[in-house]
Amino acid sequence: MREVLRNPWLRLAATVALIVLVVRGLDAVSEVLTPFAIAFALAYFLNPLVSALERRFARGRGGTRARTMAVAVIAVLVLLVIVAVVTLVVPAIYRQVAYALTRLPEWVRSLRGRLEPLYQRLNLRYPEQAEEVRERARAALQERLPTLVAPVTHLATHAFTSLLGFVLVVLHLLVIPVFMLYLLHDMNRIQTGLGELVPPRLRPYVYSRAREVDTRLSAFARGLVTVCLIMGSFYAVSFTVLGVPMGLVIGFAMGFFHMIPFMAGAVGLPIVLVLSWVDDPSPRRLVVILALFIFSNLGEHNLLSPRLVGHRIGLHPVVVILAVPTTAALSVFWPDLRAAYLDSAFYRAPA
């Protein structure tokens, strides 16, 4: 039996099979684990703030209860945020969505009236090409529409078609903050317990590197989320003041598009411009939206991201600003560098 287990190919196959089983098992219970994963991410995000409050309370009269007092402060703040969102943001979003739904038939007629003359002119000048484009658009819509609607339909059916589904959604929303508070209270002990699993001979190196990686990655995540919240709040308020339909929803979504480079301009901006144009064909609001977008992105690239992201991960603001173009330029040379490395004496040296 031992001789069989020493076979490297058998051990590789067993490892691959174990990984496949673990991945499939996690996928099977993903719906149950998702709230806990979100709670863990939020606890990891807030743990430095709780630790700072704990140290502050420990210097006073908190003593051994300092951690509990710090978590209690965070719980109050989270509760205030939830109350503010439920009482202020949710009703405003509901009113904007209800307004958009009531105006939707009028917008469709208006859009059709504006596009119809253009289509007629193209149809008279290029009848065959226009018919081909129309058939392709119709076929693409018929082919893609079920794919686009299926996730939304599945989610709505799963969540709200039965009382049990609705109760599960509510329980998930309640589990996240409760489990987050429990994790915040024990986060330092969890990290210490994981650290004790490292062999003693490797602890100095692993601890130092893990601490540095944790500091930089957590600072990057917090900085990025902070930038997205600032940009989303700016867009939501600006679009609402300008009268853009569903300005709050589109604004916050567009703010979080900043997590992916250029996505806010490639996806969010066209949606805002189309909604604004359909609601009001006046070019003045479109120009103002473009000006606000350019101004906000200049501020984000030159002020917010370098200070909130680059500074926290130990990089100079200029490095953060040049990161994307530098990476794009280096990617051009990557095939040559890889080929040179594979042809080098270091790579081809005998064992």
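Trainee: What relative accessibility does M246 have?
Mentor: This is a predicted model, in which local features need pLDDT of at least 70, side-chain atom pairs count only at pLDDT 80 or more, and totals for chains, interfaces and linings use all residues. Residues are numbered from 1 along each chain as its sequence is written, and side-chain values use heavy atoms, with hydrogens and water left out. Buried means under 20% relative accessible area, exposed over 50%, and partly exposed in between, with a 1.4 Å probe and protein chains only. M246 counts as partly exposed because its relative accessibility is 23%.

Trainee: What is the phi of M246, which is not a glycine?
Mentor: Most residues other than glycine have a negative phi. M246, found in the loop between α7 and α8, has a positive phi instead, of about 55°.

Trainee: At what angle do the axes of helix α7 and helix α8 cross?
Mentor: Helices (H or I, at least four residues) and strands (E, at least two) are DSSP runs, numbered from the N terminus, and α7 spans residues 203–242 while α8 spans residues 247–256. Axes are lines fitted to C-alpha atoms, for helices over the stretch in contact, with angles from 0 to 180 degrees between N-to-C directions. Angles under 35 degrees count as roughly parallel, over 145 as roughly antiparallel, 65 to 115 as roughly perpendicular and the rest as oblique, and α7 and α8 are therefore roughly antiparallel. Their axes come within 7 Å and cross at roughly 155°.

Trainee: How many helices does the protein chain hold?
Mentor: Read along the sequence, the chain follows the pattern α-α-α-α-α-α-α-α-α-α-α-α, and buried residues make up 21% of its 351 residues. The number of strands is 0, and the number of helices is 12.

Trainee: How far apart are the closest N and O atoms of R103 and D279?
Mentor: A salt bridge is a side-chain nitrogen of Lys or Arg within 4 Å of a carboxyl oxygen of Asp or Glu, and R103 forms one with D279. This pair links distant parts of the chain, with R103 in helix α4 and D279 in helix α9 (residues 263–279), 176 residues apart. R103 counts as buried because its relative accessibility is 17%, and D279 is likewise buried at 17%. The closest N and O atoms of the pair are separated by 3.4 Å.

Trainee: Which residues are linked with R103 in a network of salt bridges?
Mentor: R103 also meets E106 in a salt bridge of 3.0 Å, N to O, and both lie in helix α4, 3 residues apart, about one turn of the helix. E106 is partly exposed, with a relative accessible area of 39%. The network joins R103 to E106, D279 and R285.

Trainee: What is the N to O distance in the salt bridge of D186 and R189?
Mentor: D186 and R189 are separated by about one helical turn because they are 3 residues apart in helix α6 (residues 163–195). D186 counts as partly exposed at 26% relative accessibility, whereas R189 counts as exposed at 58%. The whole structure holds 5 salt bridges, and in the one between D186 and R189 the N to O distance is 2.3 Å.
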